[in-house]
Amino acid sequence: MAQTQKGNQAGDHSAADGHHNDKFWALALGSIGVVFGDIGTSPLYAFKEAIHAGVHKKLPIDETALGVLSLIVWVLVLIVTCKYVLILLKADNKGEGGTFALMALGQSVAKRSTPLLAALGVAGASFFYGDSVITPAISVLGAVEGLKLVTPAFESAVVPISLVILAILFWMQSRGTDRVAAYFGPITLVWFVVLALGGLMHIADNLAVLNALNPWYGIAFVAQHGVIGLTIMGLVFLAATGAEALYADLGHFGRRPIQVSWFGLVLPALLLNYFGQGALVMNDASALENPFYRLYPEWALIPMVILSTIAAVIASQAVITGAFSLTRQAVQLGLVPRFEIRHTSESMAGQIYMPRVNWFLFIAVATAVVLFKSSSNLAAAYGVSVTAAMVIDSLMAFFVIWKYWKWPMWQAAILIVPFALIEQVFFSANVLKLLEGGWVPITIAATLGLIMFTWVRGSRLLAKATKNNEADLEWLVRKLETKPPHRVPGTAVFLTGDPTAAPTSLMHNLKHNRVLHERNILMTIKTEDTPRVPRHERVTVEKVSDHFIRIIARYGFMETPSVPKILEHARRKDCNVELSSASFFLSRRSLRITSKSEMPKWQERLFIGLAGSAEDATTYFQIPTDRVVEVGTQVAV
């Protein structure tokens, strides 16, 4: 009997291990499609652009190929592998990664540096949006350009075909991507296998290409060729585009699946493909036109263009989804106005669609395609956004390692400063191409940074002005008990940002209607400096008096608040409120310019415009529209 029981236990453990293994490999496969889509399409243009820059300046092909390959190898090893895969993936904020997660992690321990970290977080997010514009444009253009090798007649069709593909991609966003996302992993897995095979077929063309494993070839190449070497160095960094996604998607897949996918498939496939391209051009100078597509036989050209285009669409999808997620986090952190959020999947909370963000992105991407017309012209613009975002990640990582991991400052500096210096050199190299396209991500980042700064500053001044019209809640409750107004049956819910103050809507209701409901709920929705808040910590209910109840709901910056769900939680804590019978009182502020404002006039106008464009609180918090009473107030900012 005991033996049978042991056998059953062993069977149970085996089944559990099997289920765990299945889940692990499913996550690893999913990460290949989402996390590595962007860096996986880099072979379409990274090596080509870097070596073209050298050949254009009449540098020897073999010397340039070895220098470029050596730089690519060590960028992938030092920046992507060491910094992102081995170090930053451990700097998780309760399992989540990304710019704002890193910022919040640093702010939680480095209190004096909170403003600096906030500024770095805003800058990093702003450059990510530049990346979100350029990635779809350069990836799809790079893939479709393969048609020119089929016949030169297709050259004039590259831009129109790219625009059609991008239009379909952005149009699909509103329908949700959860159904097609299931195919991303397998398709990208095939893509990486094909990348590896293409490289393997040509490395033997010139085995001298393996000398590029020596970092000296890259260092000597840049040192010998001055400004030209720096320019090529900037283009080399295109091989690392998408490295930030390793960290940003940490919460979706976990550290181990991402690391296993990188070391087991992605890194070897990328290196093999780049070495294959290098050996090919060293052996045959005519392959310089498009070394990536020339890796494959003529009969495979059209299938490769199709597969490359699908891979480019998957890479683009990843950054579009990333832009939606980042915008939601920015809304929750109070960095931008509220935007409409639609959930496109019942099973996946992260599957969201933001109409305004989607169409802004599409207009920007389409403009970039029409303006630059080729992946070569976009290459300079891409490098600036990627290197800037990486430098910012390194600076924030220093605070996290020093303060959160509690390393001595000198140890944190020894670990991070070398990465920051390498990235700074690459950033400087990319800035050399400022007039050739580098101005695009800088303009996007500066515009978005200004919008976020204006919104934060204006919101702070608005809160200060609003507080003058609010009363202390405890004082108001005592006064109402002493001299009670006429009471009407039912429940009134007042949304307020400060749980200790009586909201403007309550004060105006008392002032103008001279009535008070039998039960009044003051609801505050707070955003914590953590990605997600556990369900059992979501809602706290406190009885202020016989007629007043305070509800505080806490959400993480990666979550979307919902008033119906808050009331559901409150019911479990003996605060029974029927959504269909409650009245929700909201303040609708009408903002006006004042000569006494602390902001300059142009910034005041910008803030008022941003406030006017914000999503209605009723819709954003999912409150039934027929239960809402809006109280209008005028506030001078």
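What follows is a chat about the predicted model shown above.

Visitor: Hi! What kind of model is this, and how many helices and strands does the protein have?
Guide: Hello! This is a predicted model, and the protein has 23 helices and ten strands.

Visitor: How compact is the protein for its length?
Guide: The radius of gyration is 28 Å, close to the 26 Å that the globule rule gives for 637 residues, so the protein is as compact as a globular protein of that length. Along the principal axes, the C-alpha trace spans about 95 × 85 × 55 Å.

Visitor: And how much of the protein counts as buried?
Guide: Of the 637 residues, 54% count as buried. The protein exposes about 27600 Å², and carbon and sulfur atoms supply 61% of that area.

Visitor: What about contacts between residues at least 6 apart in sequence: what share join residues at least 24 apart?
Guide: That share is 82%.

Visitor: Let's go inside. Which residues touch the most other members of the largest nonpolar core?
Guide: Leu-76 and Trp-262 do, in a core of 175 residues. As background, nonpolar side chains tend to be buried together in soluble globular proteins.

Visitor: What is Trp-262 in contact with, leaving aside neighbours within four places in sequence?
Guide: The contacts of Trp-262 are Phe-36, Ile-39, Leu-76, Val-80, Thr-81, Val-85, Leu-267, Pro-268 and Leu-270. Leu-76, then, is one of the residues that Trp-262 contacts.

Visitor: What comes just after helix 20?
Guide: Arg-514, which takes a positive phi of about 55°.

Visitor: Which residues have a positive phi although they are not glycines?
Guide: Lys-94 has a positive phi of about 55°, and Lys-406 has one of about 60°; neither is a glycine.

Visitor: Where do those two lysines sit, and are they buried or exposed?
Guide: Lys-94 is in the loop between helix 4 (61-87) and helix 5 (99-109), and it is exposed, with a relative accessible area of 64%. Lys-406 is in the loop between helix 16 (375-404) and helix 17 (409-431). Lys-406 is exposed too, at 68% relative accessible area.

Visitor: New topic: helix 22. What are its length and end-to-end reach?
Guide: Helix 22 covers residues 601-613, which makes 13 residues. From its first C-alpha to its last it reaches 18 Å, close to the 18 Å expected at 1.5 Å a residue.

Visitor: Which residues of helix 22 are buried?
Guide: Gln-603, Glu-604, Phe-607 and Leu-610 are the buried ones. They cover an arc of only 130° around the axis, so they are on the same side of helix 22.

Visitor: Why would residues three or four places apart point the same way?
Guide: Because an α-helix has 3.6 residues a turn.

Visitor: What is exposed on the other side of helix 22, and what does the buried side pack against?
Guide: Arg-605 and Gly-612 are exposed on that other side. The buried residues pack against helix 18 (439-467) and strand 9 (582-592).

Visitor: Where is Thr-309, and is it buried or exposed?
Guide: Thr-309 lies in helix 14, residues 301-332, and counts as buried at 13% relative accessibility; the cut-off for buried is under 20%. Not counting residues up to four places away in sequence, Thr-309 touches Ala-143, Val-144 and Ile-165.

Visitor: Now a strand residue. Where is Ile-552 found, and what is it in contact with?
Guide: Ile-552 is found in strand 8, residues 548-555, and is buried, with a relative accessible area of 11%. Leaving aside neighbours within four places in sequence, Ile-552 is in contact with Pro-499, Thr-524, Lys-526, Arg-538, Val-539 and Thr-540.

Visitor: Last one: what about Ala-471?
Guide: Ala-471 is in strand 3, residues 471-472, and counts as buried at 12% relative accessibility. With neighbours within four places in sequence left aside, Ala-471 is in contact with Ala-501, Ala-502 and Met-507.

How values were computed:
Residues numbered from 1 in each chain as written. Predicted model: local features only at pLDDT ≥ 70, side-chain atom pairs only at ≥ 80, totals over all residues. Heavy atoms only, no water. Helix = DSSP H or I, 4+ residues; strand = E, 2+ residues; numbered from the N terminus. Expected span 1.5 Å × (residues − 1). Buried < 20%, exposed > 50% of the residue type's maximum accessible area, 1.4 Å probe, protein only. Arc of directions from axis to C-beta. Contact = heavy atoms within 4.5 Å. Core = buried A, V, L, I, M, F, W, Y, C linked by side-chain atoms within 4.5 Å. Rg over C-alpha atoms; globule rule 2.2 N^0.38 Å. Areas by Shrake-Rupley, 256 points an atom, 1.4 Å probe, with all protein chains shown as cover.
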